[in-house]
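Visitor: I would like a close look at one part of this structure. Please show it first, and then I will say which part.

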Amino acid sequence: MPESLVNKAIERAVDGTDPWIRAVFGYKKKLRPAVLHAIDHVVSLVDGTGPILALDPQRYDEETNLRTYFISASEMGLFLERDPGLAQLRGKPGDGQRVATGLLLMEKQERLTLGAAMSGDVVLRDVPQVTVSFEGHRLIDLNDKEEETRYLLKRRAYDHLLRIALGRITEIKTRRGNLEKHRTLLGSKLSLLRRGGFGFGPGSGAEPDVATLEQRLAQIEEQLLEIGKDDKMLEVYLGVVADVLGRAEEHLWVGKETLVVDRMGIKRKEAGPEAREINLDVLCDAEGRRLVVSLVNIPT
């Protein structure tokens with residue numbers, strides 16, 4: 001792997017989380033193993049997705065996945081017509097038809113309904129059924145060169161890991177800030193109590209106990225030490241970034257799912273003449289997001 005790429009990824013990790021991390025001595029050396037691991041992961045993540053699907057309304061009737069993802073060929077055609085990224089590519093100068101590559105993202109929804117079902121020659125009513133639909137379709141990282149699309153997706157996956165790390169750093173800063181405010185308030189109350197000048201006035205209840213305040217202050221100090229001392233916080237933040245990137249597969253991954261649905265979008269247990277089986281790539285992250293994804297080619 002080119003050293004220039006590794007250095008660029010390290011600096012991107014710092015800029016994308018907390019630029020003050022650069023003040024930590026040897027931050028590049030400390031981040032390097034985690035960054036290399038994250039790079040390997042996002043490369044395998046993007047290159048390991050299923051075969052590229054031709055997102056073409058003319059192939060709707062013959063392509064099982066297309067019939068599952070979209071209600072009709074006209075719905076798919078309207079989606080492609082309205083996509084701003086495709087419109088931009090169509091407007092680029094050039095001769096002849098081009099093929100754009102991108103990533104299709106969708107949300108899979110499953111809803112419990114009551115419907116009719118056959119049991120031999122008998123029609124059963126109000127049978128619990130699960131209907132499956134795909135919503136929120138969108139295309140990202142469209143390009144008329146497949147290699148460029150894959151590069152953009154790898155960078156996007158890396159940046160997603162950085163957003164997770166930034167979220168954790170923000171949580172630490174917020175928690176620490178709240179503890180410090182509470183510590184300051186309790187310290188002021190304790191100081192007043194020790195001087196004998198603290199009170200809430202008549203009818204406000206019992207005055208706080210000095211020993212109780214001291215105990216609470218000690219607890220806050222212990223929590224602050226668990227987070228990190230003032231002069232060590234940048235190292236704590238660097239550690240968060242290194243931890244997320246170093247365990248990238250635990251924070252962003254693609255799972256495989258097999259789905260069997262009939263032409264009405266009803267989930268079935270087994271495939272058959274009226275029910276098709278499709279394999280899904282499901283992009284998941286540690287924050288609970290789940291999106292069905294597919295690399296697609298689209299004639300423009």
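Visitor: In which sense do strand S5 (residues 275-285) and S6 pair, and over how many bridges? Please take that part slowly, and then go on to what else can be said.

Guide: One caution comes first: this is a predicted model. Strands S5 and S6 pair in the antiparallel sense, over four bridges. Two residue pairs can be picked out here. Leucine 283 stands opposite leucine 291 in S6, and valine 282 stands opposite valine 292 in S6. In a regular strand the side chains alternate between the two faces of the sheet.

The two strands form a hairpin with four residues between them. In this hairpin, glycine 288 takes a positive phi near 95°.

Eight of the eleven residues of S5 are buried, so S5 is largely enclosed by the rest of the structure. For S6, residues 290-299, seven of the ten residues are buried, so S6 too is largely enclosed by the rest of the structure. A residue counts as buried when its relative accessible area is under 20%.

Each strand also pairs with another strand. S5 is joined to strand S4 (residues 252-262) by eleven bridges, and these two run antiparallel. Within that pairing, valine 254 has leucine 283 of S5 as its bridge partner. Leucine 283 is also the residue that stands opposite leucine 291 in S6. S6, for its part, is joined by two bridges to strand S1 (residues 53-54), and here the strands run parallel. Alanine 54 has asparagine 297 in S6 as its bridge partner.

The structure holds two aromatic pairs. One of them is formed by tyrosine 69 and phenylalanine 134, edge-to-face, at 5.2 Å centre to centre with 70° between the planes. This pair links distant parts of the chain, with tyrosine 69 in helix H3 (residues 64-69) and phenylalanine 134 in strand S3 (residues 122-143), 65 residues apart. Both tyrosine 69 and phenylalanine 134 are buried. Phenylalanine 70 and phenylalanine 79 have ring centres 5.8 Å apart and planes at 40°, so this pair is tilted. Phenylalanine 70 counts as buried at 2% relative accessibility, and phenylalanine 79 counts as buried at 16%.

Aspartate 83 sits in the loop between helix H4 (73-82) and helix H5 (84-90). Aspartate 83 is buried yet has no salt bridge. Arginine 90, the nearest side chain of opposite charge, is 6.8 Å away. A salt bridge would need a side-chain nitrogen of Lys or Arg within 4 Å of a carboxyl oxygen of Asp or Glu. What the side chain of aspartate 83 does have is backbone nitrogens close by: a polar atom of that side chain lies 3.1 Å from the backbone nitrogen of glycine 85, and one lies 2.9 Å from the backbone nitrogen of leucine 86. Leaving aside neighbours within four places in sequence, aspartate 83 is in contact with Leu139 and Leu142.

Technical notes. Residues are numbered from 1 along each chain as its sequence is written. This is a predicted model: local features need pLDDT of at least 70, side-chain atom pairs count only at pLDDT 80 or more; totals for chains, interfaces and linings use all residues. Side-chain values use heavy atoms; hydrogens and water are left out. Buried means under 20% relative accessible area, exposed over 50%, partly exposed in between (1.4 Å probe, protein chains only). Two strands pair if DSSP finds at least two bridges between them. Lys and Arg count as positive and Asp and Glu as negative; His and the chain ends are not counted. A polar contact is a pair of N or O atoms within 3.5 Å; within protein, one must be able to donate a hydrogen and the other to accept it, and residues adjacent in sequence count only if both atoms are side-chain atoms. Contact means heavy atoms within 4.5 Å. Rings of Phe, Tyr and Trp (its six-membered ring) pair if their centres lie within 6.5 Å; planes under 30 degrees apart count as stacked, over 60 as edge-to-face and the rest as tilted.
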